[in-house]
Amino acid sequence: MLMPGAVNFFADIGIVYAFWHSNAAGKVVIACLVFGSIFSWSVMVSKIYMIRRAKRETRFFLKRFRTARKPLAIYQNREPYPDSPTYAVYMAGCRELTFHLLGTTEIDDTFSTRLAEADRISPVAMSAVRSALEREVGEQALRMEERMTVLATAVSGAPFLGLLGTVWGVMDTFSAIAASNNASLTTMAPGVSGALITTVTGLLVAIPAMFGYNFLVVTIRGMTVELDNFAGELAASFDHRYLDTGSRVPR
């Protein structure tokens with residue numbers, strides 16, 4: 001339990017003093033802003049955690065892919081990299097390629113034999129494989145950008161919501177002064193202070209969200225470019241081994 005002196009100390013702090021002297025509308029605005037801040041911080045933390053996991057698993061996956069002698073080796077061995085968007089693009093391309101080569105995506109003990117005996121695929125079929133890769137790149141980009149609108153809304157909407165609370169509070173303050181016929185600074189200060197706290201709160205919500213949003217946008221954009229590059233690399237590897245060009249090499 002706080003002592004009376006401690007209560008007076010906290011009451012004298014500017015932001016606490018302003019909060020207790022804000023009107024009902026101001027308190028509602030502050031509550032909405034606090035809720036929005038919690039939500040935006042949860043999005044930022046979860047996105048940063050997701051990106052870190054994705055980058056780590058993608059690094060492991062690419063090292064394995066580039067040391068494998070066959071582009072379908074990871075697919076055939078069912079090696080999992082569930083947090084890597086690059087792996088998801090790889091799996092989409094492998095499934096489409098396997099379907100055109102073998103007529104099925106099933107992997108069993110005869111997969112290597114069936115793959116070695118399969119005919120190469122036509123340029124039209126390879127175009128379908130490329131389309132599958134491009135489609136998965138787009139889907140992974142959308143998945144990485146999911147809930148980014150929350151941060152964009154916090155950046156653009158929080159200051160305006162705070163300004164609304166401020167204007168409302170100032171309006172109520174001047175209305176009360178006009179009704180009491182007492183325009184002294186002592187009468188105005190509590191109401192104006194309570195009105196301004198909503199703008200301060202709005203900025204405290206928007207500024208971290210702005211930095212987080214910019215960081216995440218740049219990072220996700222870079223990861224999307226990496227997905228595009230990998231899709232091109234994988235398509236070239238498929239072309240070399242499985243596209244019908246009139247020659248045949250061991251698989």
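Accessible area here is computed by the Shrake-Rupley method with a 1.4 Å probe. On that basis, the protein chain exposes about 14300 Å², and carbon and sulfur atoms supply 65% of this area. The model is predicted.

**Whole chain**

Start with a cartoon of the protein chain. It shows 9 helices and 0 strands, so the order of elements from the N terminus is α-α-α-α-α-α-α-α-α under the DSSP assignment. Colour by burial next: of the 251 residues, 38% are buried. Among contacts with a separation of 6 or more, 78% join residues 24 or more positions apart.

**The largest nonpolar core**

Select Phe61, Leu72, Tyr75, Tyr90, Leu97, Phe230 and Phe238. Within the largest nonpolar core, which has 43 residues, these touch the most other members. At least two residues of this core come from each of helix 3 (24-67), helix 4 (73-77), helix 5 (85-102), helix 6 (111-117), helix 7 (123-144), helix 8 (148-180) and helix 9 (185-242). Helix 9 gives the most, with 10 residues.

Now centre on Phe238. Which residues does Phe238 touch, leaving out those up to four places away in sequence? They are Pro71, Leu72, Gly93, Cys94, Leu97, Met126, Val129 and Leu243.

**Aromatic rings**

Show the side chains of Phe61, Phe65, Tyr81, Tyr87, Tyr90 and Phe230. Ring pairs link these residues into a cluster. Phe61, Tyr90 and Phe230 were already selected, as residues that touch the most other members of the largest core. The search of the whole structure finds 11 aromatic pairs.

Arg59 lies over the face of the Phe60 ring, at 5.7 Å from the ring centre.

**Salt bridges**

The whole structure has 5 salt bridges by the search used here. Three of them are worth a stop on this tour.

Select Glu79 and Arg64. These two form a salt bridge, with the closest N and O atoms 2.8 Å apart. Glu79 is in the loop between helix 4 and helix 5, while Arg64 is in helix 3; the pair links distant parts of the chain, 15 residues apart. Is Glu79 buried or exposed? Its relative accessible area is 16%, so Glu79 is buried. Arg64, at 26% relative accessibility, counts as partly exposed.

Next, select Asp108 and Arg114. Their salt bridge has its closest N and O atoms 3.1 Å apart. Asp108 counts as partly exposed, at 31% relative accessibility, and Arg114 is also partly exposed, with a relative accessible area of 23%.

Finish with Asp239 and Arg130, whose side chains meet in a salt bridge at 2.3 Å, N to O. Asp239 lies in helix 9 and Arg130 in helix 7, so this pair ties together parts of the chain that are 109 residues apart in sequence. Asp239 has 19% relative accessibility and therefore counts as buried, because the cut-off for buried is under 20%. Arg130, at 34%, counts as partly exposed.

How values were computed:
Residues are numbered from 1 along each chain as its sequence is written. This is a predicted model: local features need pLDDT of at least 70, side-chain atom pairs count only at pLDDT 80 or more; totals for chains, interfaces and linings use all residues. Side-chain values use heavy atoms; hydrogens and water are left out. Rings of Phe, Tyr and Trp (its six-membered ring) pair if their centres lie within 6.5 Å; planes under 30 degrees apart count as stacked, over 60 as edge-to-face and the rest as tilted. A charge sits over a ring if NZ of Lys or CZ of Arg is within 6 Å of the ring centre and within 35 degrees of the ring normal. A nonpolar core is a set of buried Ala, Val, Leu, Ile, Met, Phe, Trp, Tyr and Cys residues joined through side-chain atoms within 4.5 Å. Buried means under 20% relative accessible area, exposed over 50%, partly exposed in between (1.4 Å probe, protein chains only). Helices (H or I, at least four residues) and strands (E, at least two) are DSSP runs, numbered from the N terminus. Contact means heavy atoms within 4.5 Å. A salt bridge is a side-chain nitrogen of Lys or Arg within 4 Å of a carboxyl oxygen of Asp or Glu.
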